[in-house]
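Welcome to this short tour. Please have your viewer ready, with a cartoon display and a way to select residues by number.

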Amino acid sequence: MLQSPTPKKRRRGRLLRLSSAFVVLLAVAGYLLVQYVTGGRGGPGCKVVSGKDDGQAYEFSQEQTMNAATIAAVGTGRGMPERAVTIALATALQESQLVNIEHGDLDSLGLFQQRPSQGWGTKKEILDPTYAAGVFYEHLAKVNDYQQLPLTVAAQRVQRSGYPEAYAKHEPEATLLSAALTGQAAATLTCQGLPDSTRANTGPDAVRAALVRDFGRTVLKETGAEVTGDGSAAKAESTPSPGASAGGGSSTVTLPVRSGSTRTGWQLAHWAVANSSVLHIERVSYAGREWAAGSADDPWHSTATKASGGVRIVTERQTGRK
């Protein structure tokens, strides 16, 4: 004959079930938090380190880094100083964790949580990272002496946030990102760069189009290339890499960098690394250093060949891809 559980055993069973349920809830909450921060899109990671060999380093998802590169490129294209880029990156880190989210407080949207109802633009415009960054810089440029102001104060005069002090905590990581993505610090940004299978924009034309999108139409002219009506570069070198075939392989896009413009070269090189996953970029080389996708242990290594004076971007061809 089976005996009924004693009250003590029943209590113990309830406690075990409650504990198990609590653990499950914690796991779900953690998963939802990751989905919120990364926009539900994980993937290969990126890392930015200090150019001063002081041990400072921060890690970001490939998506976060790509958005950061866009923000920096838009600032550079508008002639904004590095300080402006740092302020913009710290603001986006606080507002969206550098993820282009389609939700927020009230009608806030995108990287900077800008509101259509407050005159920042339409929903479609605000969800375009290039537009969102541009309109942020437009407002920042109107802040008197913003370069001399504390970052929190400068950001708050643009954003009008209910928590203005929150921007300050992101200044260290924004400073490192800005130094790398404006080319001030050489070979300080790396990414795993494993191809994003959800997007098919690959090849030289996709690289050129993305450059024009982020930096503006003058970027290829400034690097010694002509821009045609479709946004492609007529003079930017685009040649098959060794072993490439008509149905696949890889191509090399070379962006000439004028003498004395090393900072521009490193900005372009870091931009390419930041976009390596979505554009299926396999290798980036500049100034005697080379980055290769998947080489996390030795991300920027010295090359035996001398610097060609330009940024070389080896990208997987779109031809033959499904």
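Start with the whole chain in view: this predicted model holds eleven helices and nine strands. Colour by burial next, and 47% of the 322 residues come up as buried. The chain has an accessible surface of about 16500 Å², and carbon and sulfur atoms account for 53% of that surface. As for contacts between residues at least 6 apart in sequence, 63% join residues at least 24 apart.

Now select residues 82–96, which form helix 3, together with residues 171–181, which form helix 7. At what angle do helix 3 and helix 7 pack? The angle is about 130°, and the axes lie 8 Å apart. That angle makes helix 3 oblique to helix 7, and the crossing is right-handed. Show side chains here to see who meets whom: the helix 3 side of the contact includes Val-85, Leu-89 and Leu-93, while the helix 7 side includes Ala-174, Leu-177 and Ser-178.

For the last stop, select residues 204–215, which make up helix 8. Its end C-alpha atoms are 16 Å apart, in agreement with the 16 Å that twelve residues should span at 1.5 Å a residue. Is helix 8 enclosed or open? Nine of its twelve residues are buried, so helix 8 is largely enclosed by the rest of the structure. Among the buried residues are Pro-204, Val-207, Leu-211 and Phe-215, and also Arg-208 and Asp-214. Step past the end of helix 8 to Gly-216, where phi is positive, near 105°.

Note on methods. Residues are numbered from 1 along each chain as its sequence is written. This is a predicted model: local features need pLDDT of at least 70, side-chain atom pairs count only at pLDDT 80 or more; totals for chains, interfaces and linings use all residues. Side-chain values use heavy atoms; hydrogens and water are left out. Helices (H or I, at least four residues) and strands (E, at least two) are DSSP runs, numbered from the N terminus. The expected span of a helix is 1.5 Å times one less than its number of residues. Buried means under 20% relative accessible area, exposed over 50%, partly exposed in between (1.4 Å probe, protein chains only). Contact means heavy atoms within 4.5 Å. Accessible areas come from the Shrake-Rupley method with a 1.4 Å probe; for residues, only the protein chains shown count as cover. Axes are lines fitted to C-alpha atoms, for helices over the stretch in contact, and angles run from 0 to 180 degrees between N-to-C directions. Angles under 35 degrees count as roughly parallel, over 145 as roughly antiparallel, 65 to 115 as roughly perpendicular and the rest as oblique. A crossing is left-handed if the near helix is turned anticlockwise from the far one by less than a right angle, and right-handed if clockwise.
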